[in-house]
Amino acid sequence: MLAAGLAACSSDEEAPDPLTFWSVTMAPHPVDDERILDRTLSEFTEATGVEVEVEVIDWLDLYPRIEVALSSGEGPDVLTIGNTWSVPLSAAGALMPWDDEALSAIGGPERFRPTALDASGPEGGPPTSVPYLGQSYGLYYDREAFEEAGVAGPPTTWEEFVGVARQLTDRQRWGVALAGAEWTSNAHLAFLLSAQNGGALFDKKGAPSFDTDPVRRAVGSMVAWMGSDGILDPELAGADRVRDLAASLVDGEVAMIIATSGMRSNLADLEYDDYGVAPLPTSVPANEEDRPVRSIVGGTNLALWSQTDQRDEALQLVEHLTTTDTQRELNQAFGTLPVVPELDGDPAFEDERLQTFLSVYRDASAPMPAHPDEGRMEAVLGQTIGTLWERAAEGPLAPTDVQTALAEAEQAMATP
């Protein structure tokens with residue numbers, strides 16, 4: 001825990017109580033998060049007189065902490081969440097709905113990218129969180145490995161992806177790696193590949209729909225990378241940290257990794273810069289008129305705890321964290337994407353690789369399903385895929401293995 005700055009109140013004024021802020025890890029090391037946040041929160045305290053007690057919480061621990069807080073009734077005033085959690089956490093009563101007055105207090109909804117607002121709450125209702133740090137998925141590749149293998153450029157379709165990865169796989173190096181035990185990423189990738197084939201993870205009535213042809217094909221192709229295609233590093237089948245992926249690219253163990261824009265900060269921390277970035281492939285070649293889904297609308301949102309008794313001060317903090325200057329500072333530090341359009345064209349974000357992620361984020365991303373069971377869906381489906389990858393690391397699986405696993409996952413979703 002750290003306290004941000006000193007209250008800027010005169011001695012005869014009663015200082016407001018400190019705000020509690022749960023911030024999820026965004027930097028390569030938690031100490032980096034604390035250092036980065038300390039500076040901007042100190043500025044907030046100097047301007048408002050409101051102190052902030054911030055706790056940096058690991059991604060894998062944040063959702064369980066929120067569930068405990070729901071049970072105890074003792075949550076923070078302000079918290080960061082994965083934007084896909086907005087709907088399930090609001091359905092559970094954890095988050096304050098953002099009415100017109102609250103949105104006006106931070107500058108109004110128009111100050112955010114429309115894409116970012118697409119992942120901020122239930123459809124047809126008020127937002128239950130607001131954008132903070134944007135993310136999109138992309139394909140990182142080792143430029144030197146591509147040149148040595150005579151590969152002209154990154155693949156544009158998944159069929160090309162498998163071919164290129166096979167060409168790049170040899171005794172010293174694998175074609176591709178991803179964090180197979182990171183169940184959220186598994187579910188995100190399944191969503192993307194399913195969407196590219198016209199599928200969905202929930203049907204029109206809101207029931208889970210894993211055991212369908214588009215989802216079976218999507219998950220089957222993913223599992224084949226580890227099995228029959230032989231392009232995915234089996235040593236990373238159980239990896240659940242982006243740091244493992246960054247190190248595998250830096251050390252020359254793999255030629256490509258699938259990861260979000262935030263991976264850039266891990267690569268920078270490892271002092272590695274000889275990489276390119278491309279949008280994720282599509283199921284079929286894309287033309288200029290076609291805008292296939294290449295990423296989820298990823299990112300971290302800011303929310304107010306539904307039971308906070310310091311609503312006004314909490315709104316002030318959210319306003320500060322989403323100002324143009326703070327957005328410039330934080331997104332540069334975390335390697336993430338600004339959620340305010342005022343920073344388009346800003347020199348701080350001119351890097352060509354960053355522009356690739358921004359283009360995907362703005363123009364080729366879709367929000368994960370706005371469903372009360374979205375968080376549970378990510379866990380059930382993502383863990384199912386992780387288990388399939390672990391099995392595929394021992395040998396190729398049959399299509400019926402994938403179908404059976406997806407049918408069981410769909411059934412598990414139907415069981416409270």
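**Exercise 1. Which strands does helix 7 lie across?**

Step 1. Find helix 7, residues 158–168. Helices (H or I, at least four residues) and strands (E, at least two) are DSSP runs, numbered from the N terminus.

Step 2. Helix 7 lies across strand 6, strand 7 and strand 8, and runs at about 140° to strand 8. Here axes are lines fitted to C-alpha atoms, for helices over the stretch in contact, and angles run from 0 to 180 degrees between N-to-C directions.

Step 3. Look at the buried residues of helix 7: W158, F161, V162, V164, A165 and L168. Buried means under 20% relative accessible area, exposed over 50%, and partly exposed in between (1.4 Å probe, protein chains only).

Step 4. Among the elements that cover these buried residues are strand 6, helix 8 (183–196) and helix 9.

A note on the model: it is predicted, so local features need pLDDT of at least 70 and side-chain atom pairs count only at pLDDT 80 or more, while totals for chains, interfaces and linings use all residues. Residues are numbered from 1 along each chain as its sequence is written, and side-chain values use heavy atoms, with hydrogens and water left out.

**Exercise 2. Work out the strand order of the open sheet.**

Step 1. Recall that strands of a sheet pair through backbone hydrogen bonds, either parallel or antiparallel. Two strands count as paired if DSSP finds at least two bridges between them.

Step 2. Start from strand 6 (residues 137–142). Strand 6 pairs with strand 8 (residues 254–260) in the antiparallel sense over 5 bridges; L139 has I258 as its bridge partner there, and Y141 has M256.

Step 3. Now turn to strand 9 (residues 275–278), which is antiparallel to strand 6 and joined to it by 4 bridges. In strand 9, L139 has A278 as its bridge partner.

Step 4. Put together, the open sheet of 4 strands has the order 7-8-6-9, with mixed pairing. Strand 7 (174–177) and strand 9 are at the edges with a single partner strand each, so one side of each has no neighbour in the sheet. On average, neighbouring strands of this sheet are turned by 20° against each other, direction ignored.

**Exercise 3. Is strand 6 largely enclosed or open, and why?**

Step 1. Check both faces: Y137, L139 and Y141 on one side are buried, and so are G138, Y140 and D142 on the other.

Step 2. Strand 6 is largely enclosed by the rest of the structure, because 6 of its 6 residues are buried.

Step 3. Look for helices over the sheet. Helix 14 (residues 352–363) lies across strand 6, strand 8 and strand 9, running at about 15° to strand 9.

**Exercise 4. Describe how helix 8 packs with helix 15.**

Step 1. The axes of helix 8 and helix 15 (residues 374–392) are 7 Å apart, at an angle of about 95°.

Step 2. That makes the two helices roughly perpendicular. The cut-offs are: under 35 degrees roughly parallel, over 145 roughly antiparallel, 65 to 115 roughly perpendicular, and the rest oblique.

Step 3. Find the residues that meet, including W183 and H188 in helix 8 and L381 and W389 in helix 15. Contact means heavy atoms within 4.5 Å.
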